[in-house]
There are 2 protein chains.
Amino acid sequence: MRKKNKIEVRIAADSGFCFGVKRAMEMAYKYAGEKGPDVYSYHEIIHNPQEVKRLENAGAKHTDRIAKIKKGSRAIISAHGVTPEEEDMLKEKCAGVLDTTCPYVKRIHRIVKKLKEEKYRVVIAGDRDHPEVKGILGYAGAGAVVVSSEAEVKTIKAGEKTGIVSQTTKNKDGFARLACRAIERVFEAPNSEVRVFNTICDATRNRQEAAVKLAKKSDIMIVIGGKNSANTVRLYELCREILKFVYHVESPSEIKKEWFRVRRRAGICAGASTPQRLIEEATELIKSF
Amino acid sequence: MRKKNKIEVRIAADSGFCFGVKRAMEMAYKYAGEKGPDVYSYHEIIHNPQEVKRLENAGAKHTDRIAKIKKGSRAIISAHGVTPEEEDMLKEKCAGVLDTTCPYVKRIHRIVKKLKEEKYRVVIAGDRDHPEVKGILGYAGAGAVVVSSEAEVKTIKAGEKTGIVSQTTKNKDGFARLACRAIERVFEAPNSEVRVFNTICDATRNRQEAAVKLAKKSDIMIVIGGKNSANTVRLYELCREILKFVYHVESPSEIKKEWFRVRRRAGICAGASTPQRLIEEATELIKSF
């Protein structure tokens with residue numbers, strides 16, 4: 001018989017670094033460690049302050065301005081990708097450029113580039129301030145628009161040929177609804193065509209479903225990830241719909257022993273930019289209570 | 001100064017035979033009148049029994065079976081178009097083939113052919129028994145489906161690449177809704193793409209808008225067309241929402257002089273299957289009052 005007061009800790013089935021983030025971090029660390037000129041990370045390698053700091057400690061300085069990068073040094077393109085113009089500028093200025101753009105984002109770049117070549121007007125569903133969307137927009141050409149809500153669909157011109165893609169981390173149902181409004185809008189013109197590409201990455205939804213599933217079997221949920229990480233905040237919200245005792249922490253050091261005084265079944269989930277080691281540290285800490 | 005009691009007769013801007021029907025009838029009459037072997041109309045040249053009869057009188061026998069067409073004779077392909085297989089069979093069997101397929105339907109054939117070549121699964125929104133849809137389906141290749149309602153969207157497979165077209169005479173809003181359901185369905189698969197083509201012909205809606213516009217400037221409206229013609233009945237209903245004095249007639253002989261005793265501004269509109277000559281006869285008759 002197990003001890004009554006022992007804390008059970010379970011980690012959500014899909015948790016932490018997604019494929020693209022993991023890949024980018026591994027590539028960047030390897031590059032920063034190689035011999036050669038100074039290394040700059042152009043934009044935050046991923047959206048996690050601790051990881052940005054760790055990469056800086058490994059030798060890759062973070063900057064959001066190409067002008068700040070010394071000529072002849074090396075540059076890393078972040079997981080979210082950049083515009084083709086930025087890529088060209090980096091390649092011209094630097095002795096070497098490492099592109100860690102997520103392959104799923106790179107697929108969108110290719111789709112959008114082809115749409116532009118074939119004279120489609122490109123519509124990007126997403127947040128216009130997000131680096132992924134800014135990068136995609138760079139491939140989309142003149143007349144491209146970003147729509148962040150169904151209400152903004154009215155900004156789409158009723159043209160002959162329209163191609164629609166989504167930021168990878170958006171919700172699929174929401175994207176489908178937005179695409180529907182776009183079709184109605186574009187079809188105001190005769191002989192029109194709309195191409196809709198499912199460019200949503202399932203990592204976000206998989207993390208959400210796994211978190212909800214675990215929350216239903218837990219007394220307390222710890223959600224680990226940047227306070228400014230949209231997908232982490234969303235995990236917190238979803239767990240809160242299931243459970244009262246949900247805590248959003250950026251680091252295990254924020255976890256308090258008293259939270260677990262009467263709540264023995266603990267669940268841990270983490271955003272797509274949360275490194276595995278924070279999940280492991282949190283697990284060990286809670287088990288030690 | 002014009003005489004006070006003269007009747008003004010105006011015809012709705014869009015009225016009677018649509019572009020494709022008019023073109024097909026003119027081509028067919030000319031062909032039937034030319035010297036050469038016997039002429040067959042493969043399928044009804046347009047969906048109007050009187051007009052089919054008139055074309056038969058002009059020398060083009062109507063048949064729905066290629067087997068019934070004598071070898072070495074001439075054939076007319078109807079405005080609704082046929083499958084490529086039927087076209088090949090007619091060309092092999094006949095000394096000459098006249099293709100009167102509506103150019104808007106022909107555009108759908110080209111779209112669907114290209115979709116097939118590019119490995120898209122084709123979805124046709126329309127009535128599976130309509131000759132236009134049967135013809136389009138012939139270009140669409142294996143795996144193509146016809147969906148006649150939103151409920152039937154579940155028959156679409158969640159595949160990678162799907163292309164959707166509509167029968168030309170369908171309602172645009174209904175098609176847009178059906179396309180939305182199709183997107184949700186197809187997007188169950190990752191990395192999927194849906195292309196939606198607005199292949200709706202605006203003729204029906206244009207006739208309705210033109211009739212309403214004219215009714216607003218008239219004291220009396222004459223709506224010409226079959227009593228069983230859905231689009232003609234709809235024109236009557238729309239005009240009645242504007243005006244009290246609206247008369248639906250199948251032939252000019254039904255028009256009564258007393259209707260115009262105090263109503264001097266007369267408007268005429270007609271369904272898409274109403275020949276021009278009935279509109280002209282009605283105009284002359286009313287002017288003679």
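Reader: How many salt bridges does the structure hold over all chains?
Author: The structure holds 45 salt bridges over all chains. Keep in mind that this is a predicted model.

Reader: Ok, give me one. Which side chain meets Lys91(A) in a salt bridge?
Author: That of Glu87(A). The N to O distance is 2.8 Å.

Reader: Where do Lys91(A) and Glu87(A) sit, and how are they spaced?
Author: Both are in helix H3 of chain A, residues 84-93. They are 4 residues apart there, so about one helical turn separates them.

Reader: Now the two chains. How many salt bridges are there between chain A and chain B?
Author: The count is 2. One of them joins the side chains of Glu193(B) and Arg195(A), at 2.7 Å from N to O.

Reader: What area do they bury?
Author: About 1,900 Å² between chain A and chain B. Carbon and sulfur atoms account for 55% of that. On the chain A side, Phe187(A), Asn191(A) and Asn198(A) lose the most area to chain B. Together they make up 29% of what that side buries.

Reader: Why do we say the copies meet through the same surface?
Author: Because 100% of the interface residues of chain A are also interface residues in chain B.

Reader: New topic: sheets. What is the strand order in the open sheet of chain A with S1 in it?
Author: The order is S1-S12-S10-S11. That makes 4 strands, with parallel pairing.

Reader: Which strands are at the edges?
Author: Strand S1 (8-11) and strand S11 (246-249) of chain A. Each pairs on one side only. From one strand to the next, the twist averages 20°.

Reader: How many bridges are there between S10 and S12 of chain A?
Author: There are 5 bridges, in the parallel sense. S10 of chain A covers residues 220-224, and S12 of chain A covers residues 265-270. As one example, Ile222(A) has Ile268(A) in S12(A) as its bridge partner.

Reader: Which strands does helix H7 of chain A lie across?
Author: Helix H7 (residues 202-215) lies across S1, S10 and S12 of chain A. H7 runs at about 170° to S12(A). Helix H8 (residues 230-242) of chain A lies across S10, S11 and S12. The angle of H8 to S11(A) is about 170°.

Reader: Over to chain B. What is the strand order in the open sheet with S3 in it?
Author: S3-S2-S4-S5, with parallel pairing. Strand S3 (60-63) and strand S5 (96-99) of chain B stand at the edges. Each has a single partner strand, so one side of each is left without a neighbour in the sheet. The twist averages 25° from one strand to the next.

Reader: What joins S2 to S4 in chain B?
Author: 4 bridges join S2 (residues 39-42) to S4 (residues 74-77) of chain B, and the two run parallel. Among the pairs, Val39(B) has Arg74(B) in S4(B) as its bridge partner.

Reader: Last one. Where does helix H2 of chain B lie?
Author: Helix H2 (residues 49-57) lies across S2 and S3 of chain B. H2 runs at about 135° to S3(B).

Technical notes
Residues numbered from 1 in each chain as written. Chains lettered and ligands numbered in written order. Predicted model: local features only at pLDDT ≥ 70, side-chain atom pairs only at ≥ 80, totals over all residues. Heavy atoms only, no water. Pairing = 2+ DSSP bridges. Axes fitted to C-alpha atoms, helices over the stretch in contact; angles between N-to-C directions. Contact = heavy atoms within 4.5 Å. Buried area = accessible area lost by both parts, 1.4 Å probe. Salt bridge = Lys/Arg side-chain N within 4 Å of Asp/Glu carboxyl O.
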